[in-house]
Every structure is written in C-alpha cells, then in structure tokens.
Amino acid sequence: MVSLYALERAAFVESMRVVATEQGITALRRKRNFYVEQLTGRAYWWAWPWRQSVERWVDGAMHKIAEDVSHGL
C-alpha cells in the first residue's frame, strides 16, 4: 500500500518537472521554500513534520529534475 505522503511527493515531483521545463531551473529553485512549506505546513495537515528530511528530499528531487531537464529527458 502506498502512503498518502508518497502520493503527494510524486505529485510534487511532477509539479517541479513542469516548472523546470516551462519556466527553467532557476524558477524551480526559487520555489524550493514553497514546496518545503507545503509538505511541512498546515496546507497538508503537517503531512511530514520533519522539516530537515523534507528539505533533503526537495533538494534531491530538484537536483534530479535539473539533471533530467538539462539532458532533455
């Protein structure tokens, strides 16, 4: 069974990929705090209250997406 948090993260990855593709990597990086706040704040009922782990996840996802976009994937 997939957790709701895992589904939310998958949706955020797709959102990040659209931003990177349509607006560029710089625009994606400017949205870092937005993504962190969404997953650690009240918008998702504090879906994952461990901010540092969310920051690491967001940074890793953005890094992977930046690589993919720069390679045309």
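Buried means under 20% relative accessible area, exposed means over 50%, and partly exposed is in between. Keep those words in mind as you click around, and remember that this is a predicted model.

**Stop 1: R17 and its partners**

Start by selecting R17. Its relative accessible area is 24%, so R17 counts as partly exposed. R17 and D68 form a salt bridge, and their closest N and O atoms are 3.4 Å apart. This pair joins distant parts of the chain, since R17 sits in helix 1 and D68 in helix 4, 51 residues apart.

Is D68 buried or exposed? D68 counts as buried, because its relative accessibility is 9%.

K64 has a relative accessible area of 46%, so K64 is partly exposed. With R17, K64 and D68 on screen together, you are looking at a network of salt bridges.

**Stop 2: R51 and E55**

Stay on helix 4 and select R51 and E55. Their side chains meet in a salt bridge, at 3.1 Å from N to O. R51 and E55 are about one helical turn from each other because they are four residues apart in helix 4. R51 is partly exposed, with a relative accessible area of 32%.

**Stop 3: the rings**

Hide those side chains and turn to the aromatic residues. A search of the whole structure finds two aromatic pairs. To see one of them, select F12 and Y35. Their ring centres are 5.6 Å apart and their planes stand at 80 degrees, so this pair is edge-to-face. F12 belongs to helix 1 and Y35 to helix 3, so the pair ties together parts that are 23 residues apart in sequence. Both F12 and Y35 are buried.

How do the two neighbours compare in burial? Y35 has a relative accessible area of 1%, so Y35 is buried, whereas F34, at 45%, is partly exposed. Ring pairs link F12, F34 and Y35 into a cluster.

Before you leave F34, show K31. K31 lies over the face of F34, at 5.8 Å from the ring centre.

**Stop 4**

In soluble globular proteins, nonpolar side chains tend to be buried together. To look at this here, select M16, L28, Y35, W57 and V58. These are the residues that touch the most other members of the largest nonpolar core, which has 16 residues. Helix 1 (4-23), helix 2 (25-30), helix 3 and helix 4 (51-70) each supply at least two residues of this core. Which helix gives the most? Helix 4 does, with six residues.

Zoom in on V58. Leaving out residues up to four places away in sequence, V58 touches M16, R32, Y35 and V36.

**Stop 4: A20**

Now select A20, which is found in helix 1. A20 counts as buried, because its relative accessibility is 3%. Show I25, L28, I65 and V69 around it: A20 touches these residues, not counting residues up to four places away in sequence. For a sense of scale, draw a distance from A20 to R51: they are 31 residues apart in sequence and 23 Å apart in space, C-alpha to C-alpha.

**Stop 5: T40**

Finish at T40 in helix 3, which covers residues 32-40. T40 has a relative accessible area of 11%, so T40 is buried. What does the side chain of T40 reach? Show the backbone of V36 to find out: the side chain of T40 reaches the backbone oxygen of V36, at 2.8 Å.

How values were computed:
Residues numbered from 1 in each chain as written. Predicted model: local features only at pLDDT ≥ 70, side-chain atom pairs only at ≥ 80, totals over all residues. Heavy atoms only, no water. Buried < 20%, exposed > 50% of the residue type's maximum accessible area, 1.4 Å probe, protein only. Polar contact = N/O pair within 3.5 Å; in protein donor to acceptor, adjacent residues only side chain to side chain. Core = buried A, V, L, I, M, F, W, Y, C linked by side-chain atoms within 4.5 Å. Contact = heavy atoms within 4.5 Å. Phe/Tyr/Trp six-rings, centres within 6.5 Å; stacked < 30°, edge-to-face > 60°. Lys NZ or Arg CZ within 6 Å of the ring centre and 35° of its normal. Salt bridge = Lys/Arg side-chain N within 4 Å of Asp/Glu carboxyl O.
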